[in-house]
Amino acid sequence: MISTARQWLLRSALIALSVSCAASVAERVNPGEIAKKRYLMGMEALAASDYEVAIGFFKQVMRVPGFVRLAANAKLRIGDALFLQERYEQAISTYRAFLREYEGDENSPYAQLRIGHAYYEQIPSDWFLAPPRYERQQNAVRQAAAALRQFVRLYPTSALREQAQTMLDDCEQQLYEHEVYVARFYHDRGKHNGVVQRLERAFEKYPEQAGTPDNYLMLAQAYVKTDKSESAQAMYQAYLDRFPDGEFRADASQNLATLRALQLTPRNPPETPKPDTPLAPDPPFAPDPNPTPETEPPTEREPAADPAPSPEPGQ
């Protein structure tokens, strides 16, 4: 039977051997290889839609010191895993953290695009029981448009530019339709200052979409109603120049002539009659397929711009 002393010596030897072996293995382990292996395992989990497992592997990669390139890629992939789970706000925070922590990284354009894409995915879609998209709150649309404009401005030659531009065009079309929807709301209720504000903004921000005959005439009439004669004349003239065969050309010409005659008439003349030609009646605008509600559309604030990441390398 082994004595107590011998048992103690045997245990001590085994412990020493274990420690020695562990130290030898540790000396042979390359931290870089561990980080690469964990990263590949994370990518496999991400491809298999096992997102939480993937995030766990990528976090392990980020804890390995001295491997900035892999850590940056792991941070980006965590954002992707959150995005694919539709956890968009968390994904946006992760992509923004990437842009702050790895300023100038070659994947900065990708992170900026993903911020805009995450906002874009939160825009409510059209379905038959809901009002049209342009009648609803536009916060997500404005945030998506702001992030995508920033991408287009910072990375004009990026291979991702076309994808960003497609989403941006859709956002701007919806924002334009919202401006016109609200302008019609004000027009139908005689709130002409609201019409001026909304259509001026539409012409300024979305000139390609806004240049329709209805918009020119609606804004011209709103200028008349708000005693902005010179602006009304300019708008009627713009309508005549842009639409020489327009349906309401005769009315626009008559209104323009009347406004010019009124402008030449001295103010408060004692016995000078006003011109005999009155303003033509307002033309009927194309009917809105979705009647405006009785409640006033909510006002919305423009979103704050995202922190500007570094320009794309090589630009």
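Residue N73 lies in helix α4, where a helix is a DSSP run of H or I with at least four residues, numbered from the N terminus. The model is predicted, so local features need pLDDT of at least 70 and side-chain atom pairs count only at pLDDT 80 or more, while totals for chains, interfaces and linings use all residues. Residues are numbered from 1 along each chain as its sequence is written, and side-chain values use heavy atoms, with hydrogens and water left out.

N73 has 16% relative accessibility and therefore counts as buried, a term for residues under 20% relative accessible area, with a 1.4 Å probe and protein chains only. Apart from neighbours within four places in sequence, N73 is in contact (heavy atoms within 4.5 Å) with Y39 and N107.

Helix α4 (residues 68-84) also packs with helix α3 (residues 51-63), at an angle of about 160° and with axes 9 Å apart. Such axes are lines fitted to C-alpha atoms over the stretch in contact, and angles run from 0 to 180 degrees between N-to-C directions. The two helices, α3 and α4, are therefore roughly antiparallel, the word for angles over 145 degrees. On the α3 side, the residues that meet α4 are Y51, I55, F58, K59, V61 and M62; their partners in α4 include L70, A74, I78 and L82.

Helix α6 (residues 108-121) has 14 residues, which at 1.5 Å a residue should span 20 Å, in agreement with the 20 Å between its end C-alpha atoms. Of these 14 residues, 11 are buried, among them P109, L113 and H117. The buried residues of α6 pack against α4, α5 (88-101), α7 (139-154) and α8 (161-188).

Definitions and conventions:
Parallel < 35°, antiparallel > 145°, perpendicular 65-115°, else oblique. Expected span 1.5 Å × (residues − 1). Buried < 20%, exposed > 50% of the residue type's maximum accessible area, 1.4 Å probe, protein only.
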